Amino acid sequence: MNFKPLEPRSASSAGASSGTRGSVVTAEKALSFISKGWREVRSSADADLQLIKNRANSFKNIADREFENFLNSASKSQFSVPTITASATMSPAPYAEMDFVKKLKPKISEIRRAYSSPDFKFYPRPQIKLDLPAIRDAIVSEVDEEDERERFGSWSRVRFKDSEREEGQHGESWEPIKTLKSRLRELEQKSSSEIIEGIRNSEFVEKLKSSLKSICKETNESKDVPPLDVPELLACLIRQSSHLLDQLGINKGISDKIVESLCSKRKSQLVFRSIPSGESSIVESENINDELDLRIASVVQSTGHCYEGGFWSDVGKNDVSDKKRHVAIVTTASLPWMTGTAVNPLFRAAYLAKSEEQNVTLLVPWLSRSDQELVYPNNLTFSSPEEQESYIHRWLEERVGFKADFKISFYPGKFSKSRRSIIPAGDTSQFISSKEADIAILEEPEHLNWYHHGKRWTDKFNHVVGIVHTNYLEYIRRERNGVLQAFFVKHINNWVVRAYCHKVLRLSAATQDLPKSVICNVHGVNPKFLKIGEKVAAEKESGQQTFSKGAYFLGKMVWAKGYKELIDLLATHRTDLNGFNLDVYGNGEDAHEVQSTAKKFNLNVNFMKGIDHADDSLNGYKIFINPSISDVLCTATAEALAMGKFVVCADHPSNEFFRSFPNCLTYKTPEDFVAKVKEAMANEPQPLTTEQIYNLSWEAATQRFMEYSELDKVLNNTHNTYTQGNNNSDIKKSTSLPNVSGMVDGSLAFAHHCLTGNEFLRLCTGAIPGTRDYNRQHCEDLHLLPPQVENPIYGW
């Protein structure tokens, strides 16, 4: 049974109307339930009455038959009526009985006709009926208006009228009806009060109130925030375009001065006019960039604008919610080539995987057999990637002492003889599946992206970190026309790093200043070297002789690795270093020239074949000489310090991290070099402390990497927001603001993609011919589809 709810006569708000309709619906449901129960009771009573009536009719029929039989038997009976005589002894009883029967017969017929009549009723049947329409009409809701802003309204009591009695009903209301009315009245009063109280105290209403207040507050505050004026807009544009201006020859210092001059006139007003009272602590900032950020944030916030991303933002990145994170480490070299970009990324992968908090994949270049013969030492080659992968894992486990659970994948690479480095062939990013494209660590990001023609790293991955290993500008300046080449390479490096990385780590200040970069040593030392150092300290403590040899130098035998500086120092001060012998270990392309030059100057230098720095034959040396100024952070220097040796090195930014160690002796002039060498020869190295051992370890390097790359925040799904001072201001610097810088980065990435797609331009800039796509040999070795299938000519 459906009821049409009655509209309340008044309502203070839309919420009150909604609550009124809710109470009416509740009353309707209660009445519907009661009416349904009442119908069931009435149907049951009617069935019982019908059964009683049927049994009464059955009894009536039986009685009729009995009376009929009795009357018939009485009329047909043969009575012997004695002759009436005057005898006094005759009894009158038989005659009297017959006379009684004759008199009774008509009375029974009348009785039969009476109770056989359809109008005969054994008892007056009361007509009990629940007039539901009347009850519905009796429900009246009254809403009292009190306060439109704080109360939605309240229900008045619902009164029930006495139901009208139909003709033939009892004069007084039946007791169950009275009870029903009173219960309905109590139910309605209780439900109305609970509903209104629930609405008042509900969390939804509180949130709605706070939202309305905040909207009103923001609206009032927004009127007090003036829009950005022309100098502020120009300052913002110049600041975000600083790296683009750097490409045009305007360095960052000049850009900062222009921004400061534009904002200086309004410096005292930038924050005061845009931040509410009580937050003046923010104004104490001395940094004009921070003030400009807050100014822009307050203006954007006052407009209610929410920026979702730039023109080139990728909304289809890998969803990492409720999944184990994936870290892909991409490097430019691989074992058995004993170079820094082959060894250090390998250790980084092992120690990142050691925590088992994320999955790690190491992506290294695969060289064809002909290139392997040119690069790998001792004529070591591999017939398949699986064979090289097994070699790498064995080499690593022998040094770290634990089984590193990470995956090694390969991408096609070609060896450049002129640059003495491996150049990727094809799109390197495609060898990390989209399912695992979460966090990318690019070892040597500029090198990886010089000729990268594929998907943008920052589009495919959620977070991209670049680690700069090599001071390419220093190497290039040593070549023919090196100054001009270094100028172009510097700007190309800025270009590709800005376009393809979110964060860049520079191992030392020896590298060029790149966009989005910070300086931090994130390399550690092989645990095997630390064990050698502990052994040396134990021997020294027991009184044993620890070092039996003098000085040595170890490094790839190319002029740029410090051999030129070494020969110059030894040749200039040959007489001052009389009796000083140096053993040199290394192989390389310039080995013959280096040896010839040393022989020409008649230097006391013994050239040895290149060996592993952890070889037992090197443990007896006391002094490690490293005059190189082209390194970014020399791994051999860190290893020598870990083994407890003296290190004599140049006072150069690449050695900044090592200056805190007492065994590191730095020199500034050639004369100072001679003094440091003599000092090392006359003294014994100091044993390393526990703190110094930890600072050299890969555990500490991994911790520094997680912190400076902000990878710890990314893995924990925390957002890096900007706030200043101890205040609760909602103004912050985040990706919700329109970012011109991001649009510039996207434009640079698009331009780079177009330029690297042209084979002529690639060849003009020194690329290896045919490296835009991998070749047939790579397809066979790595089981790849031909590049024409992977990248159709009509696609990008």
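Predicted model: local features only at pLDDT ≥ 70, side-chain atom pairs only at ≥ 80, totals over all residues.
The expected span of a helix is 1.5 Å times one less than its number of residues. Helix H16 covers residues 482-500 and has 19 residues. From its first C-alpha to its last, H16 reaches 26 Å, close to the 27 Å expected.

The buried residues of H16 include Gly482, Ala486, Val489 and His491. Asn493 and Asn494 are also buried, as are Val496 and Val497. Arg498, Ala499 and Tyr500 complete the list of buried residues in H16. Arg498, placed in helix H16, has a relative accessibility of 5%. The cut-off for buried is under 20%, so Arg498 counts as buried at 5%. The side chain of Arg498 has a partner: a polar contact of 2.7 Å joins it to the side chain of Asp745.

Salt bridges form the next topic. The structure holds 22 of them. One joins Arg399 and Glu398, whose closest N and O atoms are 3.5 Å apart. Arg399 counts as buried at 13% relative accessibility, whereas Glu398 counts as exposed at 62%.

A salt bridge also links the side chains of Glu710 and Lys503, at 3.7 Å from N to O. Glu710 lies in the loop between helix H23 (698-708) and helix H24 (711-715), while Lys503 lies in strand S9 (residues 503-506). The pair therefore ties together parts that are 207 residues apart in sequence. Glu710 is partly exposed, with a relative accessible area of 22%. Lys503 counts as buried, at 17% relative accessibility.

The side chains of Arg762 and Glu759 meet at 4.0 Å, N to O. Both residues lie in helix H26 (residues 759-764), 3 residues apart, about one turn of the helix. An α-helix has 3.6 residues a turn, so residues three or four places apart point the same way. Arg762 is buried, with a relative accessible area of 2%. Glu759 is partly exposed, at 31%.

Note on methods: Residues numbered from 1 in each chain as written. Heavy atoms only, no water. Helix = DSSP H or I, 4+ residues; strand = E, 2+ residues; numbered from the N terminus. Buried < 20%, exposed > 50% of the residue type's maximum accessible area, 1.4 Å probe, protein only. Polar contact = N/O pair within 3.5 Å; in protein donor to acceptor, adjacent residues only side chain to side chain.
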